[in-house]
Amino acid sequence: EDGYRLWLRYDKLADPAKVAAYRNAVSQIVLDGQSETIQAAREELTLGLKGLLGTDVSFVNQATKEGTLIVGTPSTSKLITSLNLKNQLATIGNEGFIIQRTKVGTTQNIVIAANTDVGVLYGVFHFLRLIQTQQDISAVNSVNTPKINHRILNHWDNLNRTVERGYAGASLWDWHKLPDYTSPRYKDYARANASVGINGTVLTNVNANALILTPQYLEKVAALANVFRPYGIRVYLTARFSAPVEMGGLKTADPLDPQVIAWWKQKTEEIYTYVPDFGGFLVKANSEGQPGPQNYGRTHADGANMLADAVGPKGGIVMWRAFVYDNKVPDDRAKQAYTEFKPLDGTFRKNVLVQVKNGAVDFQPREPFHPLFGAMPKTPMMMEFQITQEYLGFATHMVFLASLFKETLYADTYAKGKGSEVAKVIDGSLDKHELTGIAGVANIGDERNWCGHPFGQANWYAFGRLAWDHTLSESQIADEWLRMTFSNDNRFLKPVKEMMLASRETLVNYMTPLGLHHIMGYNHHYGPGPWVNQASRPDWNSVYYHKADSIGVGFDRTTKGSDAVSQYFPPVRDMFNSTQTCPEKFLLWFHHVPWDYKTQSGRILWDELCYRYYSGAKSVQQMQQTWNTLQPMIDAERFVHVKDLLKVQEKEARWWRDACVLYFQSFSKRPIPSDLEKPPYPLEHYVKIKHLFVPGI
Ligand code: BDP
């Protein structure tokens, strides 16, 4: 039990009564259609039902007996056509599905119907999930459609198989052996994605290499696309903006230059000869040294539109990232994306999405939502979450990210008054956009269990489920994932679910409580580094972000400070602008607060900071204790793996706590509250700790 099967484990259900009921409900299957996608659905049903129910359910041509599972689309199945689902099918679009009880003659059956083969496949995965999580299907009635169209993983994978910010081994893409050898993992990767509705994958790092656009590599890309296609997954690539110069021999990559335009058009046509359903490009431009249109005095829109015109005729899209920063906004890096992009609203082509990180700095354990959400109503805005835990303890710390995703998605932008949540910007409902998207920076590598930490798989799962339906609760997602990945046993589920749901707050407490941010170790971002002050750019230093001094701590982004608050709509701006109304979780994000400021608990800020750090570390001890009681309920291999990782997490939570408390104490000059144990070493000890092994760079 090494975690390879992810949540698609399909082991026989433990409860014999339930098994008997499911066997009756699914005594045989009618599945019409011949496409590769329908084959995939057939394979999955065979594998899943055999595993879960311990029996071979046969595929037949007609619903001859009670308990037939009828699966398909009206275009391939006469039986489905006869079931009178027309009105319902008209509401579910290209990817949705219906799962319902239905009668054929006098027999009671279940139907999984969709308009397309991929809808059928999604329905099959959902149906298997209902059984695997032991739901009552006797009155099943599910009409299910995704709320967001483009649900995409971003792999920051380099062609040499290193993974930028990857902590689970080397890249899955074995470029060296492709296209002739296609590892069986590619199909399992596709199955896992399809099971949660992920329908796109960007294969290459945003810090792009133009080599991927050469025929030799496009052949390899095509081989991957061929494996993914039956599972409804389209392939996308990152475009290096300077490719026309680097590979095309042109003198410029100016997006308005006719030769450059022609080069990209021709290159794009070439890509489509390899991958006829190529999804399009993801672009990081004019950020962290990447080339872009601004090198030629052009705007982001000029660059994006040029590529959009190239892929547009083939149905492709461009995802243009808004993660930009340089020295232009010296007082506050958090303001730059908004400053550069907002004026461009309305100038992008119809097939461009602007892809925005969840917060304005960089994938911190907690950030307020990015002010660009809601601020560009004429432009489809795409969410970028980071599933890989660059700033959240790599693949070593257990943190369930659904809480972070939900917190951002359900923040209210007030763009059109109350009820203008980020989720409504992303799913297009607020500003009536048809083109919608969400991206997650993948935490997947070639480690046997895919994600490094066994619980890292839950974040891949949660991203996919929320991309499909952002209304799902963290609790439901955790519950599903735990049942599928570990056990349906309530004695296991309850405590572990609680632990998962609290884990993000726990991590915030021992790393960056009360709105602190970007105080991790320099460059690799592992471990505490609030003292970092020697980096070449001011905004690569921790001291830039926390601004601790003898008076207090925190970044003044109020109207009296950097005025970043004014990038939010007035009710949000005003809420953040005052310490009285600013949620305490964002206090030090927006305010420089005196050490003796009275917090909500009644404690002064300094004491509160200490208590938060100590309570975070203590919670990890409680996680350990809980986990240690669960040994009898799950397999030894994963039990021990998680147990050992929790040991590391516990040690490191104390490391964070002690280092940060001592460091901030050097400014506050106040004692650590007497009921808290004292750190074992002086501050210098922590400052001297260096990390040599930094995976994933
Ligand atoms: C930062 C990472 C860096 C990425 C960059 C990005 O540290 O490795 O290249 O984001 O998103 O979080 O482009």
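Student: Which residue of S6 stands opposite Ile98?
Tutor: Ile98 has Val143 opposite it in S6. A word on the setting: this is a predicted model, where local features need pLDDT of at least 70 and side-chain atom pairs count only at pLDDT 80 or more, while totals for chains, interfaces and linings use all residues. Residues are numbered from 1 along each chain as its sequence is written.

Student: What makes S4 and S6 a pair of strands?
Tutor: Two strands pair if DSSP finds at least two bridges between them. Strand S4 (residues 97-104) and S6 are joined by four bridges, in the antiparallel sense, so they meet the definition. The names come from DSSP runs, numbered from the N terminus: helices are H or I with at least four residues, strands are E with at least two.

Student: Why are S2 and S6 said to stand at the edges?
Tutor: The open sheet has six strands in the order S2-S1-S3-S5-S4-S6, with mixed pairing. Strand S2 (58-59) and strand S6 (141-144) each have a single partner strand, so one side of each lacks a neighbour in the sheet.

Student: How do you know that S5 pairs with S4 and with S3?
Tutor: S4 and S5 run antiparallel and share seven bridges, with Thr102 opposite Asn109 in S5. Strand S3 (residues 68-72) runs parallel to S5 and is joined to S5 by four bridges; there, Ile70 has Val111 as its bridge partner. In the S4 and S5 hairpin, with two residues between the strands, Gly105 takes a positive phi near 60°.

Student: Why is S11 called mostly covered?
Tutor: A residue is buried if 20 or more other C-beta atoms lie within 10 Å of its own, exposed if 12 or fewer, and partly exposed in between, with C-beta atoms placed from the backbone. In strand S11 (residues 317-321), five of its five residues are buried. In a regular strand the side chains alternate between the two faces of the sheet. Both faces of S11 are covered, with Ile317, Met319 and Arg321 buried on one side and Val318 and Trp320 buried on the other.

Student: What makes the crossover from S10 to S11 right-handed?
Tutor: The term applies if, with the strands pointing away from the viewer, the path from the first strand over the helix to the second runs clockwise. Strand S10 (residues 280-283) is parallel to S11, with four bridges, and Gly280 stands opposite Ile317. The chain goes from S10 through helix H10 (residues 300-311) to S11, and this β-α-β crossover is right-handed. On the next step, S11 and strand S12 (residues 352-357) are also parallel, with four bridges. That β-α-β crossover, through helix H11 (residues 336-341), is right-handed as well.

Student: Is Phe363 buried or exposed?
Tutor: Phe363 has 23 other C-beta atoms within 10 Å, so it is buried.

Student: Why does Lys547 count as partly exposed?
Tutor: Lys547 has 17 C-beta neighbours inside 10 Å, so it falls in the in-between class. Lys547 also has a positive phi, about 50°, and is found in the loop between helix H17 (542-546) and strand S15 (552-553).

Student: And why does Asp180 count as exposed?
Tutor: Asp180 has 8 C-beta neighbours inside 10 Å, so it is classed as exposed. Asp180 sits in the loop between strand S7 (150-154) and helix H6 (184-196). Pro179 lies in that loop too, and a cis peptide bond, with omega about 5°, joins Leu178 and Pro179.

Student: Which residues are around the ligand?
Tutor: They are Glu164, Arg165, Val206, Asn207, Lys284, Glu288, Phe323, Asp362, Phe363 and Glu390. The criterion is a C-beta atom, placed from the backbone, within 6 Å of the molecule. This shell divides into three nonpolar, one polar and six charged residues. Here Ala, Val, Leu, Ile, Met, Phe, Trp, Tyr, Cys and Pro count as nonpolar, Asp, Glu, Lys and Arg as charged, and the others, Gly among them, as polar.
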